[in-house]
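Dear colleague,

I am handing over the structure below, and my notes on it follow. Please read them beside the model.

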Amino acid sequence: MSVSKNVKLPHLFYGGDYNPEQWPEEVWKDDMRLMKKAGVNIVSIGIFSWAALQPGPDSYDFAWMDRLMDLLAESGIMADLATATASPPAWMAKLHPESLPVDENGARYAQGSRQHYCPNSKAFRLYGQRLVRKLAERYKDHPALAMWHINNEYACHISRCFCDECTREFRVWLEKRYGTLDELNARWGTNFWSQKYYGWDEIGLPGKTPTYANPGQQLDYMRFMSDSLLDAYLGEYRILKEITPELPIMTNLMGAFKPLDQFEWAKHMDVITWDSYPEPTAGIPVFAAMQHDLMRGLKAGQPFILMEQVTSQVNWRQQNPLKRPGVMRLWSYQTIAHGGDGVMFFQWRQSKAGAEKFHGAMVTHTGDENSRIYREVEQLGQELRRLDALVDARVEAEVAIIFDWHNWWALELDSKPSRDVLYLEQIKQYYKALFERNVGVDFVRPDADLSRYKLVLAPALYMIAPGVQANLEAYVQGGGTLLTTFFSGIVDENDRIHLGGYPAPLRKLLGLCVEEFDPMLPGQTNGISVPGFGDLRGEFACNLWADLIRLEGAQPIAAFTTDFFAGSPAVTRHTFGQGKAYYVGTQAEAGFTSGLIGAILGEAGVQAPLEAPAGVELSVRRGADGARYLFALNHNASAVQAELPEGRFADLISGRELAGSLELAPNEVVILQKRQ
């Protein structure tokens with residue numbers, strides 16, 4: 001489904017969270033004026049409105065929402081209508097205290113914040129689904145309704161619950177997954193530490209234990225909580241699909257967010273929407289770009305919507321600096337460059353009261369259009385109105401990174417050789433090397449079809465689940481290039497060791513055996529020496545980890561320089577069928593990683609869209625009609641220049657024509673389309 005091509009809104013989405021219940025109704029009409037002036041075409045409403053919509057368990061008040069929906073329709077602004085279940089009203093906690101979640105110490109959370117519900121609570125689901133049905137039946141034919149927004153940022157605050165209801169549901173989940181206790185005991189390895197179970201009612205949640213809990217149990221509990229939250233979402237989703245089958249439905253995700261298996265969630269979302277809040281003084285937002293690509297990958301390249309970002313500053317860090325002039329616009333275009341079909345904000349009007357009153361907004365506490373922030377909001381909104389051609393255009397990428405939430409969970413369980421091996425940090429290093437070379441990246445599941453990619457990276461692929469070995473082997477056998485790194489291919493889907501020498505499922509593909517691994521202490525380093533691989537040569541520092549590798553057909557590219565394994569392979573290449581498999585047995589300094597990636601890209605025939613100075617980000621989107629749009633974003637504090645390919649180009653934002661060279665002011669953006 002191409003949500004932006006919904007008949008009600010065939011444009012890039014532009015708007016934000018709108019919370020008019022916090023304001024007297026005389027403010028609403030001025031909101032409409034300011035929205036239209038800024039080019040706003042959609043707002044999210046009702047996200048935290050449960051208490052306003054349902055004053056008691058058997059009473060509802062939709063009159064104010066009726067007036068709001070009518071006002072939006074009269075103003076030509078569409079509604080992303082929320083189900084309001086993100087924050088239950090106080091009366092629910094009073095009548096059903098068991099609906100409140102419980103932490104691992106057995107303490108029950110209190111009402112008075114938000115997201116104070118157990119996802120398995122029968123009361124939460126009953127009252128929430130009743131409200132959803134009433135909302136859907138009341139507004140299903142309203143001309144302002146464009147999309148449904150279920151709940152908000154699932155698991156942001158409560159990703160785990162240890163209540164009695166969750167314990168009972170966990171046992172049901174386990175019995176469905178394993179069928180018999182014998183199977184569960186085998187998968188969890190419960191003969192270790194006398195953990196064998198003889199009845200389902202003996203199994204609890206992995207809460208507060210004297211020392212390490214069973215890793216199979218911990219991993220399944222993470223799966224269970226992701227599934228429990230998804231099941232709560234689906235209870236609302238099914239009602240909305242029943243009543244409004246033609247309307248898109250979503251919930252806002254949070255990027256590379258550990259608690260939820262978002263590939264599984266994506267199967268039940270018509271469009272991926274997510275919230276992005278990079279630290280504003282961090283320079284080039286590489287991690288934000290990476291998360292944009294990850295979110296686009298959840299539905300195999302379908303464009304996403306950035307549901308929340310901030311115009312200026314957030315309120316929840318230790319210190320909350322401003323985005324400098326032009327940065328909000330620049331980062332908004334980065335969203336679109338990476339596959340976004342819209343940019344929205346939290347929130348429209350800055351709150352007068354409450355915990356987020358210092359969180360930035362499109363309309364600040366000045367209350368009018370005279371602030372710097374609003375002027376930037378208006379400029380961006382007016383520009384986006386010229387960019388309908390980008391709707392549903394797809395990002396071009398010849399490189400993929402494998403991403404797996406189950407691998408993330410398993411890799412970072414306790415009782416590991418090193419607690420410093422963190423999944424996102426390992427992926428970031430390789431993504432950054434690609435980003436700095438302006439090479440487009442898709443994120444894919446381990447079982448995805450990899451055949452269209454020239455290069456696939458799988459950093460820290462600790463878990464090899466059934467089917468993954470065969471998928472990787474078929475990809476390389478057919479001519480693909482694969483790179484994986486240390487501590488990969490170690491365990492199965494239940495965190496049990498793959499026997500047969502590390503990394504047993506990948507030994508044949510990689511042409512090596514890791515006889516031992518040596519996690520390094522903080523501050524400890526080694527070195528690696530490269531005699532020559534493409535333009536990469538010399539000596540480089542490494543830290544964190546060192547594999548002791550025995551070659552079984554692979555060729556060494558780099559060797560360790562110190563300790564008792566000096567001279568042994570650190571990085572290898574193995575020809576397998578028509579392709580090649582690379583293995584990096586340590587964490588090397590950035591210069592080595594960049595050089596290695598550059599050499600492999602050259603070998604695989606992958607190039608950037610054009611040559612550009614450092615700090616200039618490039619990306620390409622291609623429309624269904626074949627039209628190609630080149631984004632160039634200058635993250636530098638000074639002006640830069642780049643040479644354009646032959647021909648004449650139009651900048652979709654400014655309308656000017658360019659040829660020969662491209663000059664970009666600080667924070668400047670162009671979107672170039674070649675003239676015929």
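Which residue in β25 does Glu-643 stand opposite? Glu-643 stands opposite Ser-661.

This is a predicted model, in which local features need pLDDT of at least 70 and side-chain atom pairs count only at pLDDT 80 or more, while totals for chains, interfaces and linings use all residues. Residues are numbered from 1 along each chain as its sequence is written, and side-chain values use heavy atoms, with hydrogens and water left out.

Strand β24 (residues 640-651) pairs with β25 in the antiparallel sense over seven bridges; here strands are DSSP runs of E of at least two residues and helices are runs of H or I of at least four, numbered from the N terminus, and two strands pair if DSSP finds at least two bridges between them. Both belong to an open, antiparallel sheet of six strands, ordered β10-β22-β23-β26-β24-β25. Its edge strands, each pairing on one side only, are β10 (394-395) and β25 (657-664).

Ser-99 lies in the loop between α4 (90-95) and α5 (122-139), and it counts as buried because its relative accessibility is 2% (buried means under 20% relative accessible area, with a 1.4 Å probe and protein chains only). A polar atom of the Ser-99 side chain lies 2.7 Å from the backbone oxygen of His-96. Leaving aside residues up to four places away in sequence, Ser-99 touches Met-92, His-116, Tyr-117, Cys-118 and Ser-121, where contact means heavy atoms within 4.5 Å.

Gln-195, in the loop between α7 (181-188) and α8 (215-243), also counts as buried, at 18% relative accessibility.

Best regards

Methods
Buried means under 20% relative accessible area, exposed over 50%, partly exposed in between (1.4 Å probe, protein chains only). A polar contact is a pair of N or O atoms within 3.5 Å; within protein, one must be able to donate a hydrogen and the other to accept it, and residues adjacent in sequence count only if both atoms are side-chain atoms.
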